[in-house]
Each structure stands twice: as C-alpha cells, then as structure tokens.
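Please keep the sequence and the structure in view while reading.

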Amino acid sequence: MIRILNGNARGQHPRAIDEMFRLRKRVFHDFLKWDVKTDGEWEIDHYDKANPLYVMSYSPDTGKLRGSLRLLPTLGPNMLDDTFPILLGDNPEIRSASVWESSRFCIDPDISQDRSSNQVTVAAAELMCGVGELGLASGISHIVTVTDVFLERMFRRMGCPGERIGDPHRIGSVFAVAVAWEVTRELLETMKQVAAIEGTVLERPMSLETARAA
C-alpha cells in the first residue's frame with residue numbers, strides 16, 4: 001500500500017515521518033555510507049523544507065514501512081538542477097510544471113538483503129507505480145531522478161528503464177546518473193505486470209495537486 005504525505009503537514013503524522021527519516025539514515029548513511037546530512041537518527045536535508053511529497057510503501061501483512069521516496073516539482077528547489085547539474089551534461093536545466101523529481105528512493109535494508117523473497121521488487125515497483133498513478137492523475141509528462149548505476153539496473157529489471165539525461169559521473173563513493181521516465185499508462189502497466197501488482201497501489205485516489213493541499 002502506498003501512502004502519500006505532504007511535507008508541510010508532516011507535524012500531523014509524526015510517527016510516519018519519524019519512521020521515514022530513520023529509514024533514510026539507515027539506508028544512505030549507515031548502509032550505503034553516502035555523504036549525507038544527519039540529525040540524530042534522521043537523514044534530512046534542506047530539500048525537505050521545500051514542501052515535498054513523501055511516497056511511502058507499507059507491507060500489507062505487517063503494516064511496516066518498507067520503502068520511500070521524495071517528490072519535488074522542478075520549478076522549485078531540486079537536486080538535479082541545484083546540486084548535481086553536472087549530470088545534465090550539455091542539456092539545459094529542467095524547469096517545467098510537467099516534470100517532477102524523485103529523490104531519496106530507498107528500501108528497508110532488511111528486505112534488500114533477503115535474497116529468498118521478491119519483496120525488493122514488489123516494494124520498489126509499488127513506489128514507482130505510486131508515482132506513476134499520481135503522475136497520470138495530474139497530467140505530469142516526466143519524472144526525473146538522480147540515482148546510481150546500481151539502482152538504474154534495478155529500475156530496468158522492474159520494467160522501467162528510463163532514459164539517461166547525461167553521462168554518469170563519480171560523485172563521492174558512487175557513479176551517479178540522471179534518468180528521466182515518461183509517465184505513460186503503458187509504463188505503469190508494465191511495472192505492475194513485472195511485480196504482479198493488481199489494481200491501484202494508492203491508499204486513496206489522489207493527484208499531486210490534492211496531495212500537496214492535504
């Protein structure tokens with residue numbers, strides 16, 4: 001199940017927000033050893049002050065948070081244009097109302113290390129399908145992201161290969177790359193088929209506009 005929370009309303013959902021920022025610290029700081037800012041047991045940065053949307057995947061069996069990502073409009077502060085413009089190559093900045101950025105994509109490390117199950121594929125696909133459903137309901141044309149080449153390969157296996165915006169560059173300890181996905185019904189259905197997901201993944205019908213106003 002996918003739950004969407006508005007960054008400006010995060011004070012109304014303290015437990016969910018706490019779990020998400022703790023998961024991000026476990027993934028990006030503790031597990032991947034990325035150079036990210038932390039605040040106690042949270043991984044949090046200045047983009048979290050820009051009223052993002054948080055897309056969170058919960059296990060239907062345990063109700064536990066198993067993955068999350070952050071969505072930001074490219075018309076405002078975003079990581080690709082403002083922090084990693086080198087990944088754009090010779091392309092101009094991406095500033096469009098029809099393009100949103102996904103960042104801080106992460107899956108619970110306990111799940112990602114369980115090679116005996118397909119929970120990684122399901123949780124990852126559910127997050128991407130949630131973004132797809134939001135995008136289709138909102139008239140969004142593309143989703144862009146800054147990721148590493150390992151996750152890029154995982155996206156391909158999930159049926160959403162995307163298109164590289166520029167060449168990969170070594171940033172810190174990883175080879176990072178900017179990827180763009182066109183938001184289409186066909187892509188959404190392909191991801192659902194790969195992960196054997198039926199029906200909507202959203203907790204309730206929602207568009208980006210209604211989610212940001214919630």
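A residue is called buried when its relative accessible area is under 20%, exposed when it is over 50%, and partly exposed in between, with a 1.4 Å probe and protein chains only. Helices (H or I, at least four residues) and strands (E, at least two) are DSSP runs, numbered from the N terminus. The model is a predicted one, in which local features need pLDDT of at least 70 and side-chain atom pairs count only at pLDDT 80 or more, while totals for chains, interfaces and linings use all residues. Residues are numbered from 1 along each chain as its sequence is written, and side-chain values use heavy atoms, with hydrogens and water left out.

Helix α6 spans residues 185–194, and Leu-187, Leu-188, Met-191 and Lys-192 are buried in it. These buried residues line one face of the helix, because they fall within an arc of 135 degrees when α6 is viewed down its axis; the arc is that of the directions from the helix axis to the C-beta atoms. An α-helix has 3.6 residues a turn, so residues three or four places apart point the same way. On the other side of α6, Glu-186 and Gln-193 are exposed. Just after the helix, Ala-196 adopts a positive phi of about 55 degrees.

Lys-192 counts as buried because its relative accessibility is 8%. Beyond its neighbours within four places in sequence, Lys-192 is in contact (heavy atoms within 4.5 Å) with Cys-129, Glu-133, Ile-197, Gly-199 and Thr-200.

Val-122 belongs to helix α4 (residues 119–138) and is buried, with a relative accessible area of 18%. Its C-alpha atom is separated by 10 Å from that of Ile-107, 15 residues apart along the chain.

The cysteines come next. A disulfide is a pair of cysteine sulfur atoms within 2.5 Å, and a search of the whole structure finds 0 of them. Cys-129 is in no disulfide, and the nearest cysteine sulfur, that of Cys-160, is 8.1 Å away. Cys-129 counts as buried because its relative accessibility is 0%. Cys-160 likewise counts as buried, at 0% relative accessibility.

On a 1 Å grid over the protein atoms alone, a cavity is a set of points where a 1.4 Å probe fits but cannot get out, and a pocket is an open set with protein on both sides within 12 Å along at least five of seven lines; lining residues have an atom within 4 Å of a point. There is 1 cavity of 30 Å³ or more. The largest cavity has a volume of about 110 Å³, a volume being the space filled by probe spheres set on the points, which are joined across faces, edges and corners. Its lining includes Cys-160, Leu-187, Leu-188 and Met-191, and α4, β10 (174–182) and α6 each supply at least two lining residues.

The largest pocket has a volume of about 630 Å³. It is lined by 29 residues, of which Trp-34, Val-36, Met-79, Phe-84 and Arg-104 lie nearest its centre. Two or more lining residues come from each of β6 (99–107), β7 (142–148), α5 (149–157) and β10.
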